[in-house]
Amino acid sequence: MTPPAPQDLVITQAGLADWPVVRAWAVDEGWNPGHADSEAFFAQDPEGFFIGRIDGEPVSAISVVNYGADYSFLGWYLVRPDVRGQGYGLTTWKTALAHAENRTVGLDGVVDQQDNYRRSGFELAHRTFRFSGTAPAVEAPADVRAVRPEDLAEITAYDSACTPADRPRFLAHWLTGPGHHAVVRRTGGRVTGYGVIRPGHDCPRIGPLFADTPEDARALFAALTADAAGREVAVDVPETNAAGVALAEEAGFTPSFETARMYTGPVRPYAQERVFGVTTLELG
């Protein structure tokens, strides 16, 4: 029996109610999505999520989330395994990318798709490794505390210096999402780093872990893992941050998954040396 052709694929914007099936596909791929990720993702750009259907049944998905006028991030690029190779993914990709208009688009691509991304105009910026391991049993440092509502403005400004785009709507949800534990370190009366740990399908995930110095990052890491001692935890570390790689290795974590950060064009300068752990591979 001949499968339906790509022109039979019906692609529409997706809402939160559509996303559980896509999250289930991500679980099957071993992506370990966070339990409450979707609400924060949709808060940033509710029009940036797409789903493809054949005869009313979901078969493909993608997100192209806009951050301001200059930057978008592509994620959640998935096709149901039993219908791969039919052109549904590429059709979904082309339809959704129009949402970015003339913005530079970033993504974190899995290894087996990176050549395809290059053919679509994406260039390698750096690799990112997911480190995972058993959280060490350490006490949370006294100079790291839970994020409070009055910290939001300062953390948002700090975050903007560590990312290619401002993302206040996303952060307002990410810092306070169900099960999310956000901590901040202040030194000399100012923020010198912050981080979040959240429950995931397979294990808790740290992201972001942004810090001025390795000392700040180590203190934040200790605070984030204190309540997870003895459990497996994962963090995605850019290979360009040697101190971040060293921190994960010092904790006994080992690399288990690799992606590539790729862009279609230039992005604004940001403090890559402060990125000890990326926020999320799905939204940057």
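Modeller: Happy to; here are the ground rules, followed by your questions and my answers.
Modeller: This is a predicted model, in which local features need pLDDT of at least 70, side-chain atom pairs count only at pLDDT 80 or more, and totals for chains, interfaces and linings use all residues. Residues are numbered from 1 along each chain as its sequence is written, and side-chain values use heavy atoms, with hydrogens and water left out.

Colleague: Which element gives the largest share of the lining of the largest pocket?
Modeller: A pocket is an open set of points on a 1 Å grid over the protein atoms alone, with protein on both sides within 12 Å along at least five of seven lines, and lining residues have an atom within 4 Å of a point. The largest pocket has 32 lining residues, with Tyr 77, Val 110, Asp 112, Gln 113 and Tyr 117 nearest its centre. Two or more lining residues come from each of strand 4 (71-79), helix 3 (88-97), strand 5 (104-110), helix 4 (114-119) and strand 12 (254-263), where helices (H or I, at least four residues) and strands (E, at least two) are DSSP runs numbered from the N terminus. The largest share, six residues, belongs to strand 4.

Colleague: What is the volume of the largest pocket?
Modeller: Its lining has 14 nonpolar, 10 polar and eight charged residues, with Ala, Val, Leu, Ile, Met, Phe, Trp, Tyr, Cys and Pro counted as nonpolar, Asp, Glu, Lys and Arg as charged, and the others, Gly among them, as polar. A volume is the space filled by probe spheres set on the grid points, which are joined across faces, edges and corners. For the largest pocket this comes to about 750 Å³.

Colleague: And what is the volume of the largest cavity?
Modeller: A cavity is a set of points where a 1.4 Å probe fits but cannot get out, and the count is one cavity of 30 Å³ or more. Its 19 lining residues include Cys 162, Thr 163, Pro 164, Arg 261 and Gly 284, which lie nearest the centre; by class, the lining has 11 nonpolar, six polar and two charged residues. The volume of the largest cavity is about 200 Å³.

Colleague: Which elements do the buried residues of helix 5 pack against?
Modeller: Buried means under 20% relative accessible area, exposed over 50%, and partly exposed in between (1.4 Å probe, protein chains only). In helix 5 (residues 152-160), the buried residues are Ile 155, Thr 156, Tyr 158, Asp 159 and Ser 160. With contact meaning heavy atoms within 4.5 Å, they pack against helix 6 (168-174), strand 8 (181-187), strand 9 (190-198) and strand 10 (205-211).

Colleague: Is Asn 32 buried or exposed?
Modeller: Asn 32 sits in the loop between helix 1 (19-28) and helix 2. Its phi is near 55°, a positive value in a residue other than glycine. Because its relative accessibility is 4%, Asn 32 counts as buried.

Colleague: Is Glu 101 buried or exposed?
Modeller: Glu 101 belongs to the loop between helix 3 and strand 5, and its phi is a positive value near 55°. Its relative accessibility is 62%, so Glu 101 counts as exposed.

Colleague: Which residues does Ser 38 touch, leaving out those up to four places away in sequence?
Modeller: Ser 38 is part of helix 2 (residues 37-44). With a relative accessible area of 12%, Ser 38 is buried. Beyond those sequence neighbours, its contacts are Leu 16 and Trp 19.
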